[in-house]
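Work through the exercises below with the sequence and the structure in view. Each task is followed by its solution.

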Amino acid sequence: MSDAPDRWSLAQRRLHWWSAALVVLTGVLAVLMVWLPFSEMLAKFLAYQLHKTFGLLVFSVVLARLALRALRPAPALEGLSPGVLRLAGIGQAGMYALLLAVPVLGWLTAQAAAGPVPTTIFLVIPVPHVLDPNPALYAWLRPLHQVAAYTLLGLAAVHAALAVKHHRQGVPVFRRMGW
Ligand code: HEM
């Protein structure tokens, strides 16, 4: 008999759904902030600041998730073949890597952009910048952040679709990770 628990802990389940909601919100704000015209300067500025805030919260929540994951064994999962489990593990490792890399790339992009726009959490807590504005670096960082972010959103969509598929096949994935 295995010692593995039969579902993720309450904290792990809540942090999973918080990170999912924050990633979707950050992605929606990214499209909105870029789309808003400069004539709507206040709304555009607020959308950028909220995008940065929620993106940095994703980073913190994911660090907490990784720490909890290191402290407790993953729950057992029956009903999936070893090949599918291995692919799921690779996909999840890729998502964790992007969940950390995308906010860091965004933080660096914000600093390299021309014009010293501060980075804050909810307009209150200042987040330090370690780079000076640098247009040449910005020209590299911005597309890198963008491609990594859209890859993360794509992987998250596939992950969600596969979870629903496995649920329909009777694998108790939503019991393990339900809110
Ligand atoms: C999970 C977290 C994040 C996601 C999913 C995300 C997503 C995106 C996406 C999709 C874009 C491209 C928008 C477009 O051009 O259509 C973008 C741009 C950008 N993001 Fe993020 N982002 C995240 C975190 C962050 C963080 C933490 C910061 C800064 C602290 C940040 C700062 C920026 C900046 C400065 C741009 C470039 C906008 C421009 O130059 O006009 N992002 N982000």
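**Exercise 1.** Find which elements the buried residues of H3 pack against.

Solution. The model is predicted, so local features need pLDDT of at least 70 and side-chain atom pairs count only at pLDDT 80 or more, while totals for chains, interfaces and linings use all residues. Residues are numbered from 1 along each chain as its sequence is written. Helices (H or I, at least four residues) and strands (E, at least two) are DSSP runs, numbered from the N terminus. A residue is buried if 20 or more other C-beta atoms, placed from the backbone, lie within 10 Å of its own. In H3 the buried residues include Leu-98, Val-102, Trp-107 and Gln-111. Contact means C-beta atoms, placed from the backbone, within 7 Å. The partners of the buried residues are H1, H2, strand E1 (119-121) and H4.

**Exercise 2.** Check the span of H3 against its number of residues.

Solution. The expected span is 1.5 Å times one less than the number of residues.

**Exercise 3.** Describe how H2 meets H3.

Solution. Axes are lines fitted to C-alpha atoms over the stretch in contact, with angles from 0 to 180 degrees between N-to-C directions. Those of H2 and H3 come within 9 Å and cross at roughly 145°. Residues of H2 in the contact include Lys-52, Gly-55 and Phe-59; from H3, Tyr-96, Pro-103 and Gly-106 are among them.

Conventions. A residue is buried if 20 or more other C-beta atoms lie within 10 Å of its own, exposed if 12 or fewer, and partly exposed in between; C-beta atoms are placed from the backbone. Two residues are in contact if their C-beta atoms, placed from the backbone, lie within 7 Å.
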